[in-house]
Amino acid sequence: MGASGGKLRLVLGDQLSSGLSALAGLDPSADTVLMAEVAEEATYVPHHPKKIAILFSAMRHFAEELERRGVRVRYTRLDDPNNSGSILGEIDRAIEDLAPSSVVATECGEWRLQSALEGWRGSVPLEILDDDRFIASRAAFAAWAEGRKQLRMEYFYREMRRKTGLLMRDDGTPEGGQWNFDKENRQPPDMGLFRPTPPLAIEPDSITSEVIGLVRDRFPDHCGSLDGFAFGVTAEEAERCADAFFEDRLPLFGDYQDAMLTGEPVLYHALLSQYLNAGLLDPLDLCRRAEAAWRDGHAPLNAAEGFIRQILGWREYVRGVYWLKMPDYAETNFLNAHRPLPEFFWTGETDMNCLRQCIGQTLRDAYAHHIQRLMVIGNFALLAGLSPKAVCAWYLCVYADAYEWVELPNTHGMALFADGGVLGSKPYAASGKYIDRMSDYCRGCRYDPKKPVGPDACPYNYLYWDFLDRNAETLSGNPRMAMIYRSMSRMAPEKRQAMAQDSDKFLEALT
Ligand SMILES: Cc1cc2nc3c(=O)[nH]c(=O)nc-3n(C[C@H](O)[C@H](O)[C@H](O)COP(=O)(O)OP(=O)(O)OC[C@H]3O[C@@H](n4cnc5c(N)ncnc54)[C@H](O)[C@@H]3O)c2cc1C
Ligand code: SF4
């Protein structure tokens, strides 16, 4: 039990960083760190069991590490009979037992919990500190956004490059003479020719094995497999995973960033977001390491820049948008999409091979890379007019890296265009042709990506045109959609009608 009068310092499951603001100035002789595994956080959506396991195990390891350093930790396990089931309940219990002088917290990642914490009224003062693990603070993003008509990531990213000096020359211009090498980063997979070194697999230790057993018992109805759990659960293990990425995969990260290949879930991607988002890795440090890999001649510029842009640009930008726009952001439904989620999102059982592969992999590994999330699953949800709320809840459940601050803008904004263009200037809608070019999925599919209509036609093809038709009133005025609407207007009316009929039939069968 902590000495009464010290501070109670809250550390949440995604705040597992030794440099966390809530831990700054900690006095081991007086203060107590509070950590709690609570049912409310594990079940507000039915998270993938691997996601719960990585977090609970990482929390237990983090608490052990603090204790090794002489810090007093009050840790509530999920199966503790006195567990109140919520973060606020655990704060109240700890105050009653320890009589601290105040509670210190770092701002929460999700609006839901942050507003609950802000609304908490306890018997001692609560201090909520900024989360300085991000490269841009919420205030800095708001200042950048102030007065701008459009919040384009590219301009935010350039400002971040200037601020951090990453990949910048002394004269203030970007290395390589351009800010962005995305055009070089769209190579299709060389079918069967390459086999990237698989990511480092970490063997579960006794703590992780115990947590896996607990999760299996307590969340039997949560969708997703616990088999083959190989995530790291400490900062040291996460660093080893990052080392392996920089060594083996960064050099081709750029070239094959958009490629998809059966049986290769990670390809040259980092598989690091679950560590970054839980606080086990530092984003700026990863960016610096990517830059160093380029300067040392280990990785080309398009790879280092591409990787840095994802973290310094996209990751910081979506967080900024989230805090700027919440809570209204989650309520918009620009395309008026209301179809419920098809059952196969929870089983992967569909004849569409691309979806079978990507959803199957997601349910197995709690991971899919960006293009699988955006251009296969998200694109399907967009074209089929699935309800944004249902789709966002699914994405929040199934990925080990999913927290609303990053999941929502990516799903609601980027994938579904439900925000009407806050994040992207046009919907990421594509026909089966895109998936055929960027993957080998169509080879193993009963549908034909080249056929526009008919029983064997790829559903993405007729759904794509039907989507444009259905949303013409809302989208045809968008200058970036003008060309595609012009092509549609030149299409033979019989073809349009056939596609509309096939779409109706398909969508009816879907629900
Ligand atoms: C519909 C949809 C939902 C998504 N949901 C999440 C989510 O819940 N959590 C999450 O962390 N990412 C999410 N993303 C972004 C991205 O898909 C993942 O960050 C990435 O796939 C993680 O795998 P990786 O570590 O191998 O990433 P890499 O492709 O190797 O990229 C390196 C790092 O860049 C960051 N990054 C890349 N793209 C983005 C992005 N668009 N937004 C934020 N960070 C990015 C991640 O931290 C990632 O680890 C989503 C994307 C889409 C299209
Ligand atoms: S043919 Fe269509 S449904 Fe089948 S894998 Fe290709 S894109 Fe997916």
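How many residues of domain 1 are in contact with residues of domain 2? In this predicted model, 33 residues of domain 1 are in contact with 32 residues of domain 2, where contact means heavy atoms within 4.5 Å. The chain splits into domain 1 (7-129), domain 2 (138-325) and domain 3 (343-510), with bounds that come from an automatic or database domain assignment. Taken over C-alpha atoms, the centres of domain 1 and domain 2 are 27 Å apart.

A quick word on the ground rules. Residues are numbered from 1 along each chain as its sequence is written, while chains are lettered from A and ligands numbered from 1 in the order in which they are written. Because the model is predicted, local features need pLDDT of at least 70 and side-chain atom pairs count only at pLDDT 80 or more, whereas totals for chains, interfaces and linings use all residues; side-chain values use heavy atoms, with hydrogens and water left out.

Now for the ligand. Around ligand 1 there are 29 residues, and His269, Ala270, Leu271, Asn277 and Tyr367 come nearest; a residue is near a molecule if one of its heavy atoms lies within 4 Å of it. Sorted by class, this shell holds 17 nonpolar, eight polar and four charged residues. Here Ala, Val, Leu, Ile, Met, Phe, Trp, Tyr, Cys and Pro count as nonpolar, Asp, Glu, Lys and Arg as charged, and the others, Gly among them, as polar. Domain 2 (138-325) and domain 3 (343-510) each supply at least three residues of the shell.

Some N and O atoms of the protein come within polar-contact range of the ligand (a polar contact is a pair of N or O atoms within 3.5 Å; within protein, one must be able to donate a hydrogen and the other to accept it, and residues adjacent in sequence count only if both atoms are side-chain atoms). A polar side-chain atom of His269 sits 2.7 Å from an oxygen atom of ligand 1. Asp401 uses its backbone instead, with an N or O atom 3.0 Å from a nitrogen atom of ligand 1. In the side chain of Asn410, an N or O atom is 2.9 Å from a nitrogen atom of the ligand. Taken alone, ligand 1 exposes 810 Å², and the protein buries 99% of that; these areas come from the Shrake-Rupley method with a 1.4 Å probe, and for residues only the protein chains shown count as cover. The elements giving two or more residues to the shell are helices H9 (273-278), H11 (301-325), H13 (370-383) and H15 (404-415). Helices (H or I, at least four residues) and strands (E, at least two) are DSSP runs, numbered from the N terminus.

What about residues tucked away inside the protein? Glu90, in helix H3 (residues 87-98), has a relative accessible area of 0%, so Glu90 counts as buried (buried means under 20% relative accessible area, exposed over 50%, partly exposed in between, with a 1.4 Å probe and protein chains only). Leaving aside neighbours within four places in sequence, Glu90 is in contact with residues including Leu34, Val38 and Asn82.

His48 lies in the loop between helix H1 (39-43) and helix H2 (49-68) and is also buried, at 0% relative accessibility. Beyond four places in sequence, the contacts of His48 include Cys223, Arg364 and Val398. Glu110, in the loop between strand S4 (102-106) and helix H4 (111-119), is buried as well, with a relative accessible area of 5%. The side chain of Glu110 makes a polar contact of 3.1 Å with that of Arg112. Val406 is 296 residues away from Glu110 along the chain, yet their C-alpha atoms are separated by 9.2 Å.

Going from Met326 to Pro327, the peptide bond is cis, with omega near 5°, and Pro327 is found in the loop between H11 and H12. Leu167 is not a glycine but has a positive phi of about 50°; Leu167 is buried, with a relative accessible area of 0%. Asn336 has a positive phi as well, about 55°, but is exposed, with a relative accessible area of 56%. The side chains of Asn336 and His338 are joined by a polar contact of 2.8 Å.
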